[in-house]
Amino acid sequence: MTIIAAADGSALGNPGPAGWAWYVDDGRWAAGGWPESTNNRGELTAVLELLRATAHTGEDLLIQADSQYVINSLTRWMKGWKRRGWRKADGKPVLNDDLMKELDAALTGRAVRFEWVRGHVGHPLNEAADSRARAAAAAHQQGRAVPAGPGWRDAGGSSASTAATARFRRGSHR
């Protein structure tokens, strides 16, 4: 079986209050965020947290994302960055290299495919992830608790939490 999920980020200002979310269905999604970050960090974190939440399943994963930056980073550019010591072709450091390194490790040994979907055109999974990422960013902006979601629940109803959920609740971020 292949798990199909959407991952998205949101920033109210760039940088500004920011959020991330992944979504499979109403019983399996997660979100978090920061008082200040960027949209790209939100997009990357959504994918990372999805990979962490589903690591125990042994299932293939199809990640739908509206971010060409995320998809290209992970499927086209990362191999060259690693070869060059996490530098771009122009010699400048890779942006968000901390997340890129964590994503590289999380992808190792996983059967993961990415599919680009156009954002804000009614794609059901993308819209669900987007609304949750935006809600997380808005919660930070308004000083409210972030709606974190149930996380990953397997068929038996047990939940797998992620380390980042705890970090985000404590406010640790970059």
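Predicted model: local features only at pLDDT ≥ 70, side-chain atom pairs only at ≥ 80, totals over all residues.
Setting aside neighbours within four places in sequence, methionine 100 is in contact with Leu44, Tyr69, Ser73, Leu74, Met78, Trp81, Trp86, Val94 and Leu95 (contact means heavy atoms within 4.5 Å). Residues are numbered from 1 along each chain as its sequence is written. Local features here need pLDDT of at least 70 and side-chain atom pairs count only at pLDDT 80 or more, while totals for chains, interfaces and linings use all residues; side-chain values use heavy atoms, without hydrogens and water.

Next, select Trp22, Val47, Leu51, Ile63 and Leu74 along with Met100: of the 34 residues in the largest nonpolar core, these touch the most other members. Such a core is a set of buried Ala, Val, Leu, Ile, Met, Phe, Trp, Tyr and Cys residues joined through side-chain atoms within 4.5 Å, where buried means under 20% relative accessible area with a 1.4 Å probe, protein chains only. Helix H1 (39–54) is among the elements that give two or more residues to this core, and H1 gives the most, seven. Helices are DSSP runs of H or I, at least four residues, numbered from the N terminus.

Now show H1 and H3 together. Their axes, lines fitted to C-alpha atoms over the stretch in contact, lie 10 Å apart at an angle of about 25°. The two helices are therefore roughly parallel, a label for angles under 35 degrees. To see where they meet, pick out residues including Leu44, Val47 and Leu51 in H1, and Leu99, Met100 and Leu103 in H3.

Definitions and conventions: Buried < 20%, exposed > 50% of the residue type's maximum accessible area, 1.4 Å probe, protein only. Axes fitted to C-alpha atoms, helices over the stretch in contact; angles between N-to-C directions. Parallel < 35°, antiparallel > 145°, perpendicular 65-115°, else oblique.
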